[in-house]
Amino acid sequence: MPPLDLLDRPAFIARNLAALDDLVRFSATVDTALLVGFVAENPDDFGKPLYNAVALLEGGELRAIRYKTLLPTYDVFDEARHFEPSERREIIRWNGYRLGVCVCEDAWNSREFWDTHLYDIDPVRELAEQGAQVIINVSASPFHRGKGALRQAMLAHHASTLKVPVVLVNQVGGNDSLVFDGRSLVLDAQGELVLEAHAFQEDLRIVDLADLPAPITPRITDEVADIHDALVLGIRDYLGKCGFRQAVVGLSGGIDSAVTAALAVQALGPENVTGVAMPSKYSSDHSLEDAAELARNLGIGFHVVPIEPAVSAMTQMLTPAFGFPPHGVTEENLQARLRGVTLMAFSNQSGALVLTTGNKSELAVGYCTLYGDMCGGLAAISDVPKTDVYRLAAYINRHRVVIPTRTITKPPSAELRPDQTDQDTLPPYDILDAILERYIERYQSLDEIVAEGFDRATVEYVARLINRNEYKRQQAAPGIKVTPKAFGRGRRVPIAAVIES
């Protein structure tokens, strides 16, 4: 995981070096060498104080250290903030082998594979030209949809063009908004896959570099299954590493809360998830029925806490000051915020973490309430577009009905006013999500989007909503990244700015 500004703490660096010393001693007790990533101190009196490094340990000795050359400063990465880039790329001679050891981004700058290049150095090619018999890439490459196939294709290009086997050892686990998907692999000198480790779980595989296995057929990668597994791992590790064992989810009877609850059950077990329905006078009977059915199907605890008494109390409290009862957006947001207060009460009482249930489409256009439905400790599906939420629901129901059929088929609604549906305010989600992908992930201009056949007025309306609601997104709970461009650390947009779309 990126340690961020923990790298500024001398005590953190010291513990990291102490752990490396422990592993050096451990290497004396096993009949193998170890490649270990760590943070090295820069011995020079110029440049950044640290290196992103990998060490070869064997027989109780530190045999070699290699530093990372290419330091990414895009999307979620900001390595140049702390690290000095290596000026040399050198093979490691070990046990009769010439090893080309590099770190993560060092493998991501093939001149032939990419159309554009961020760096003028290709470390993998340099190592191959020095006679490396194998390239070993020690990596913490975070997941987003399609990333696994792209990563394998890039490494296969290295292997086939440089005529050298490639070994990728990738991190597994969730850290804050990032999920590392593993999928470690070995490619032969023709770029053929000969070994593939599991995705989204720790795995141990052994390969003999002197006698590589025959090529294998890559596992079929299902994009929705990958997103599902990434979210499950992200939820499990976020709660576990933050000291939480349980989660509470507001169940509206809608698809977003249903998918969030189902993912939480996969991550934590049904005994550690509680659902809370909070109906108001605008809630339909079928919404409460669907929430209860979902809870039964998942086997989770379920409570019904009507918010109408609190809404009435707030109405009576505010009417003298307003001169009239709260109405319109004020009344709608009162309901959402009272639901947030209710969920936080469950959280405080039980020690469970509230999972917010808003999706990326809503967060993009501000179709959410600050301190209301945005209230919580983890925004589990905040990087999942609404159309993908439906795909996730179908995947969750692939073996049996977990999410009630009516939850999936009924028109989505916040149910904050009579007969409300999302499409009263927003374009149909298939159109909205297509515009969002082009504007947020591809950085297309409005003219470019319109040129692809979208209605100009709709495109301009969506862009205005996106730009106007940055202040909400920067107050949102952290979410789990599953698309190439997620809201959060990887997308830095000023709040107080006039954005010409």
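Which residues line the largest cavity? Select Thr-356, Gly-358, Asn-359, Glu-362, Leu-363, Cys-368, Asp-373, Met-374, Ala-379, Ser-382, Ala-476 and Ala-477.

Before going on, some ground rules. This is a predicted model, in which local features need pLDDT of at least 70 and side-chain atom pairs count only at pLDDT 80 or more, while totals for chains, interfaces and linings use all residues. Residues are numbered from 1 along each chain as its sequence is written, and side-chain values use heavy atoms, without hydrogens or water.

**Stop 1: the largest cavity**

Stay with that selection. A cavity is a set of points, on a 1 Å grid over the protein atoms alone, where a 1.4 Å probe fits but cannot get out; lining residues have an atom within 4 Å of a point. The largest cavity holds about 110 Å³. Volume here is the space filled by probe spheres set on the points, with grid points joined across faces, edges and corners. Colour the lining by class: six residues are nonpolar, four polar and two charged. (Nonpolar covers Ala, Val, Leu, Ile, Met, Phe, Trp, Tyr, Cys and Pro; charged covers Asp, Glu, Lys and Arg; the others, Gly among them, are polar.)

**Stop 2: the second largest cavity**

The count is three cavities of 30 Å³ or more. Select its lining: Arg-66, Tyr-67, Thr-69, Ser-86, Arg-88, Arg-89, Glu-90, Val-101, Cys-102, Asp-106, Pro-123 and Leu-127. Strand E3 (61–67), strand E5 (97–103) and helix H2 (123–129) each give two or more residues to this lining. Helices (H or I, at least four residues) and strands (E, at least two) are DSSP runs, numbered from the N terminus. By class, the lining has five nonpolar, two polar and five charged residues.

**Stop 3: the sheet**

Follow E5 into an open sheet of six strands. The order is E4-E5-E6-E7-E10-E11, and the pairing is mixed. Two strands pair if DSSP finds at least two bridges between them. Strand E4 (92–94) and strand E11 (193–196) are the edges, each pairing on one side only. Now zoom in on E4 and E5. They run antiparallel, joined by three bridges. Select Ile-92: Leu-99 in E5 stands opposite.

**Stop 4: the cysteines**

Select Cys-242 and Cys-375. The Cys-242 sulfur has its closest cysteine sulfur in Cys-375, 16 Å away, so the gap is too far for a bond. For Cys-375, the nearest cysteine sulfur is that of Cys-368, 13 Å away. Cys-242 is partly exposed, at 39% relative accessibility. (Buried is under 20% relative accessible area, exposed over 50%, partly exposed in between, with a 1.4 Å probe and protein chains only.)

Notes. 1 Å grid on protein atoms, 1.4 Å probe; cavity = no way out; pocket = protein on both sides within 12 Å on 5 of 7 lines; lining within 4 Å. Disulfide = S-S within 2.5 Å.
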